Amino acid sequence: MADKKKELVILGAGPGGYAAAFHAADLGLEVTLIDPEVNPGGVCLYRGCIPSKALLHLAKTKEEALNAAEWGLKFEEPIIELKKIKKWKDKVIQKLTNGLGELSKSRKIEYFQGKAKFIDENKIEITTKDKETSTLSFKNAIIATGSSAVSLSNIKIDHKKVWDSTDALQLKEIPKKLLVIGGGYIGLELGSVYAALGSKVSVAEMTSGFLPGTDKDLVNVFEEKHPFKEVFFDTKVEHVKVNKQSISVSLKGKDKEQTKKFDAVLVAVGRTPNTKDLGLENINISPNEKGFLEVNSQRKTTSENIYAIGDITGEPLLAHKATHEGRVAVEAIANKKGAGYDPKVIPGVVFTHPEIAWCGLTETQAKGKNKKVKIVKFPWSASGRAMAIGENSGITKLLIDPESEVILGGGVAGKDAGSLIPEIGLAIEMGTTASDLSLTIHPHPTLSETIMESAELFFGNATHLK
């Protein structure tokens, strides 16, 4: 490959990188996209969001089928065909990644399977999968290299019996007893999958509950129904010893130390930005104390022509945040007026069963800031739709400014919470008031009515509550 100057190069083809590449091509920019995989997709599509949600769908299907026995529709215990499940999951990934590859070609995006690092502020070195190296000059660059699973210094990931999230998604086996280290969204989602597939799953979490930092009333809805055999809160995993027949795990709680045996251990304690081996020292860019790259509202780094998006720029580490940032960076590069990053909300969703979702100001944040808000909660036990589908333990909540009536935040815990939260997100972005929501006619019978009736509660009453 001859050294030639490109208008825009993008390092990383995850949801941020490929969205940026596609948008840039649509705006008429010449784009080069570089990623280790054969097609765009990134961790999210190959080893994260999509495969995990495909498996979670299976888990929910099984649970709903078994729960239907309470209503008079009894199924036999499902038969788990692991090879067939894995084949189906891989087929979903292949179809989507191939589709992104075709979209890339149709936009005439130059795609290289390999890795890149900066030589200087206008040149990168590309190393292909065949270890061939070449250089490429550029006018502008976007770093979109994402993140990787965090490892623990006292626990060695051997990819056989001690897993990271990528290993868990390979579905090589269903251990009889599985310990998940970490009660965040990755641990809960993958733990739920393996519980549905037949593992006796236990969870060890250092804090006092699942999903640290998330409003407790939302988390409680999941905690009441969680599928785990044992839960160890306020507990640190001191040591993991892999034996021939089992794994011995030393657990240290507040008042108790114990050793438990498992057949596999999944380490799911978070993710860390992929900023190593990028040659950042050659372009005078340094990660901050938390390991992230600093950017301005246009996602520009301290280098005038180099931008950064997605997980490497800080919390929250979410695909939809990266996608939005990619579009912002591209529009800044294309000199489009008004290009800037200023979202009021970035929704978060945990795809367990029941789901948990939130956006905008949370109750935890409001208390921390001593911000005066009125919190209204509508219990799903008063929802006809929720009762009809056996999901009466959920809640919908809104945080509302008591003076202006403006919606500041919201959360949902229950079936399809992730599909309900966008309405609250849009309400916040548009400066919607409680009156606007309460007077908007929602279809009946749907779970969306719980949002309308939550808004009604701001004024002291709701149709289906005393």
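Begin by selecting helix α3 (residues 49-67) and helix α6 (residues 185-196), which pack at an angle of about 45° with their axes 9 Å apart; axes are lines fitted to C-alpha atoms over the stretch in contact, and angles run from 0 to 180 degrees between N-to-C directions. Helices are DSSP runs (H or I, at least four residues) and strands likewise (E, at least two), numbered from the N terminus. That angle makes α3 oblique to α6, the class left after under 35 degrees (roughly parallel), over 145 (roughly antiparallel) and 65 to 115 (roughly perpendicular).

This is a predicted model, in which local features need pLDDT of at least 70 and side-chain atom pairs count only at pLDDT 80 or more, while totals for chains, interfaces and linings use all residues. Residues are numbered from 1 along each chain as its sequence is written, and side-chain values use heavy atoms, without hydrogens or water.

From α3 come Ser52, Lys53, Leu55, Leu56, Ala59 and Lys62, and from α6 come Glu189, Leu190, Ser192, Val193 and Ala196.

Of its 33 residues, Leu178, Tyr194, Phe210 and Leu266 touch the most other members. Helix α6 supplies the largest share, 6 residues.

Now centre on Leu178: beyond four places away in sequence, its contacts include Trp163, Tyr194, Phe262 and Leu266.

Finally, select Leu398, Ile400, Leu420 and Ile428, which belong to a second, separate core of 27 residues.

Notes
Contact means heavy atoms within 4.5 Å. A nonpolar core is a set of buried Ala, Val, Leu, Ile, Met, Phe, Trp, Tyr and Cys residues joined through side-chain atoms within 4.5 Å. Buried means under 20% relative accessible area, exposed over 50%, partly exposed in between (1.4 Å probe, protein chains only).
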